[in-house]
Amino acid sequence: MTLRPNANALAALAALAIAAPLLAVVALAVFGAWTDYLAHLAETRLTDYLANTAIVALCACATAGIVGAVSAWLVARYAFPGRAQLEWLLALPLAMPAYAAAYAWFDLTQAAGPLGFLPTVRGPVGAGFIFGLTLYPYVYLLMRETFAGQSSDAYDAARTLGAGPARAFTRIALPMARPALAAGLGLVLMETMADFGAVVHLGAPTLSVALVRAWAGEGSSPDAARLAVLLVTITFLILFIERAQRRRARQHAASGRVKPPRRVRLGGGAALAALAICAIPILAGLVIPMARLGWLALDAPVARGLGEAAINALSLAVITALIAAAFGIVAAYALRSRRPLGVAAARLAGLGYAVPGAVAALGVLIVFGQLQSGLDALWTSAFGQSFPFLLTAGAATLVFAYLSRFAAAAIGPSESALSRVTPSLEGAARSLGAGPRRVITQVHWPILSSGALLAGLLVFVEVLKELPATMILRPFNFDTLAVIAHNYASDERLGEAALPALLIAIFCLPAMVFVARRITRQERRAERQLATELG
Amino acid sequence: MTGLRTLQIEQVEIGYAPGRPAVAGVSLEFGCGSITALLGPSGSGKSTLLRAIAGLERVQAGEIRFAGELWSAPDAHRAPEERRCGVVFQDYALFPHLTALDNVAFGLSGPGRKSDAMAKLEAVELGARARAYPHELSGGEQQRVALARALTPEPDVMLLDEPFSGLDRRLRGALREASANALREAGAATLIVTHDAEEAMALADTIALMAEGRIIQTGDAQSLYLNPASEAAARLLGEVERFDATVTDGQAQTPFGEVGAPGLSEGAECAVLIRPEGVQITDGADGALAHVLERRITSGGAVLTLSLESGERVRATTPITAAHGAGDSVRLRLDTRFATVVAV
């Protein structure tokens with residue numbers, strides 16, 4: 001007997017709330033009034049937006065794919081000095097918002113900058129490069145896990161059949177890890193498609209920017225919604241391709257028992273080269289941008305309202321993280337129930353990550369706008385005046401939009417944590433005299449809580465870094481660090497933008513350190529266990 | 001240096017943890033056209049030795065040479081792809097994302113590689129399955145693809161790591177025979193690592209017994225079975241009864257008679273190792289008296305568990321048609337050809 005608290009209704013409700021903005025966007029795109037703005041856009045800049053989107057996405061994938069796959073391979077399969085530290089350090093650039101890295105790298109490599117001899121980081125290629133540097137950890141983390149769990153026999157077999165290390169890696173190990181690569185690149189693409197700050201700063205406006213401009217500049221929600229539908233179509237296509245890869249992967253799972261590989265010890269020059277290859281992404285994605293932002297901040301006046309913006313940003317992030325973590329737990333139970341309603345609800349919410357922030361924000365505006373006018377009409381007929389509260393005036397809409405986008409990120413960790421509570425584990429507890437309540441508090445919760453914590457921290461980091469939805473939905477006179485940084489950077493006042501951007505990274509860093517160490521430690525424990533079993 | 005086309009392993013040591021080598025000073029030689037089995041329990045270091053020959057592990061001491069060329073030494077290591085060693089891994093290690101044909105063609109280069117690979121697949125009667133992916137193949141088919149893949153580049157040395165352990169018992173016999181034929185035809189110097197004595201005896205010309213990182217005896221199946229050098233060696237090849245004795249007048253005493261103890265000094269403690277076939281039921285009156293405690297049917301005959309007058313227990317194999325049952329009294333005699341005396 002398995003304990004399955006009936007969380008399905010709750011999950012369904014939450015999932016509907018999360019999916020509502022997207023449905024609202026689609027509805028508006030279909031039924032909204034047509035203006036000639038779109039036709040005009042199609043004739044003029046739409047091709048640029050699309051071309052930029054494609055180039056940025058391609059360059060981001062190339063950079064993140066190569067950096068992530070190579071570092072994961074080295075860390076998973078070789079032993080060299082510093083490897084254990086690099087294993088978690090390599091995940092940390094996720095703490096750096098892409099726009100912050102864009103400010104720093106653009107400033108460093110512009111003609112008058114200290115690295116002016118390098119090609120200037122700008123345009124769609126530069127933006128793609130920045131996304132690659134800050135988002136490669138998604139690829140790295142997923143591929144490291146795959147490489148570490150993949151039996152080395154196939155690679156060894158390739159070597160005995162005459163393939164050198166490079167050929168055996170590209171022809172055998174890499175294709176076998178293709179689902180992990182696809183999943184990692186999928187996440188990279190979702191973030192790339194959703195970005196607003198970096199592409200604006202580097203002069204490579206993508207579809208997300210077109211959407212925000214249609215909404216803010218032209219004030220046309222239906223046209224923005226139509227662009228949003230175009231954007232979401234692309235992200236869902238990416239999602240679809242990624243899922244298809246994963247299905248194929250299950251069929252292609254290696255035959256026979258899986259024996260985790262022993263790391264090959266590298267000596268001398270090879271060890272040094274591996275160390276350097278793994279250190280470069282950390283330097284380029286995190287250390288150098290942080291140092292440059294710090295340097296810039298030293299010389300510039302502190303931005304107005306910085307303290308308040310920091311408090312706003314942190315409160316939003318903490319509140320959203322707590323709600324998302326709770327939702328993640330509910331969704332995990334819904335998935336465990338295997339009841340169609342619960343599973344469908346959780347999967348629906350899981351799609352939220354493919355909805356870019358600007359789209360989510362637009363959807364939330366539409367939903368709350370409709371809700372407001374409905375309430376107003378109701379209130380007027382009853383009391384002769386409009387509804388006394390303005391729903392869109394508070395930060396609640398913002399939290400709602402964050403949730404619709406990031407709740408998906410909270411499901412995975414809780415789901416995998418709960419999957420460790422096997423039926424036999426519960427059976428053991430029950431047969432030892434524990435009632436359902438005790439099973440939940442003493443068996444489920446201790447195991448589940450680690451997953452929920454991980455989920456909460458991930459959402460915390462994402463919310464702190466989020467820019468476009470925050471810009472669209474923030475209440476009047478309500479700033480966050482991301483918004484301040486973006487506004488100053490748009491005014492070419494990089495000095496003032498530097499400190500808030502740096503603060504985001506500084507706030508995200510401890511959370512990321514915890515997440516990264518937790519993820520890598522889990523595996524080390526499993527490894528030690530294996531070692532004792534073998535010994 | 002002796003041995004044209006011979007693989008020579010000299011005093012090889014391999015260890016992961018200091019002070020606890022997985023392979024502790026192993027020497028072994030096998031030539032092209034022969035099949036050698038490395039037989040030992042799991043954890044005896046035999047797979048590690050195989051990986052070292054393939055170049056997948058480095059050696060900490062000693063040398064591995066083929067045809068006089070140095071392959072492995074503490075300060076020299078030829079890469080696996082430059083050794084011309086074919087390996088059949090225990091889990092076959094078929095590339096999951098490549099078809100059977102592409103798996104076999106992986107080790108070939110040049111324009112004719114696909115048709116060469118196809119010919120090899122057809123030779124193992126898998127031509128029709130060329131387009132199948134490994135997960136679509138049965139266990140036996142996977143094994144044949146793995147063997148064909150390893151043989152296709154025409155390696156000088158073939159290494160097989162428990163090649164039949166994943167298979168159904170019924171399949172094993174047929175595949176074993178087909179594999180042995182393919183290996184003999186290929187003419188490479190072949191080493192098969194196994195923990196299955198029956199498999200080693202069926203396949204190999206020479207068997208090397210390995211335990212705790214060392215090779216404890218080498219020889220052909222018959223001499224190893226009948227003349228084991230130690231109790232450990234004896235037990236690797238099959239069941240054995242052990243009786244402790246003292247050498248008297250060059251003979252060791254057992255409850256059912258004397259066994260010659262050549263090479264052991266007078267008065268030395270020794271152990272007499274007797275295969276179950278050596279304990280025979282006799283109709284004569286001169287045998288040792290024993291009571292049948294239990295009779296159990298196996299595929300090789302009826303195995304009796306007997307209690308001797310001294311209280312010692314011994315097992316004997318009789319034809320399944322022999323009518324001895326529990327509670328019967330019988331007389332036992334020893335066929336000394338199945339007995340060996342070893343020092344303790």
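A helix here is a DSSP run of H or I covering at least four residues, and helices are numbered from the N terminus. With that in hand, let's look around this predicted model.

**View 1. R172(B) sits in helix α5 of chain B.** That helix covers residues 169-186. Is R172(B) buried or exposed? A residue counts as buried if 20 or more other C-beta atoms lie within 10 Å of its own. R172(B) has 21 within that distance, so R172(B) is buried. Leaving aside residues up to four places away in sequence, R172(B) touches F164(B) and L167(B). Now find G140(B): it is 32 residues from R172(B) in sequence, while their C-alpha atoms are 8.5 Å apart in space.

**View 2. Six strands of chain B form an open sheet.** Read across the sheet and you get the order β7-β8-β9-β3-β10-β11, with mixed pairing. Which strands stand at the edges? They are β7 (85-88) and β11 (214-219) of chain B, and each has a single partner strand, so one side of each is left without a neighbour in the sheet. On average, neighbouring strands here are turned by 20° against each other, direction ignored.

**View 3. Strands β3 and β10 of chain B pair up in the parallel sense.** Here you're looking at residues 35-39 (β3) and residues 206-211 (β10), joined over four bridges.

**View 4. Helix α4 of chain B lies across β7 and β8 of chain B.** The helix takes in residues 139-151, and β8 takes in 157-161. How does the helix run relative to β7(B)? The angle between them is about 175°.

**View 5. Chain A meets chain B.** How many residues does each chain bring to the contact? Chain A brings 22 and chain B brings 23. On the chain A side, α7 (153-160) and α8 (165-176) each supply at least two residues. The biggest giver on that side is α7(A), with seven residues. Sort the chain A residues that touch chain B by type, and you find 10 nonpolar, eight polar and four charged.

**View 6. Stepping back, chain B has eight helices and 21 strands.** Its C-alpha trace spans about 80 × 45 × 35 Å along its principal axes. Chain B holds 344 residues, and 43% of them count as buried. Take the contacts in chain B between residues at least 6 apart in sequence: 63% of these join residues at least 24 apart.

How values were computed
Residues numbered from 1 in each chain as written. Chains lettered and ligands numbered in written order. Predicted model: local features only at pLDDT ≥ 70, side-chain atom pairs only at ≥ 80, totals over all residues. Contact = placed C-beta atoms within 7 Å. Nonpolar A, V, L, I, M, F, W, Y, C, P; charged D, E, K, R; others polar. Buried ≥ 20, exposed ≤ 12 C-beta atoms within 10 Å, placed from the backbone. Pairing = 2+ DSSP bridges. Axes fitted to C-alpha atoms, helices over the stretch in contact; angles between N-to-C directions.
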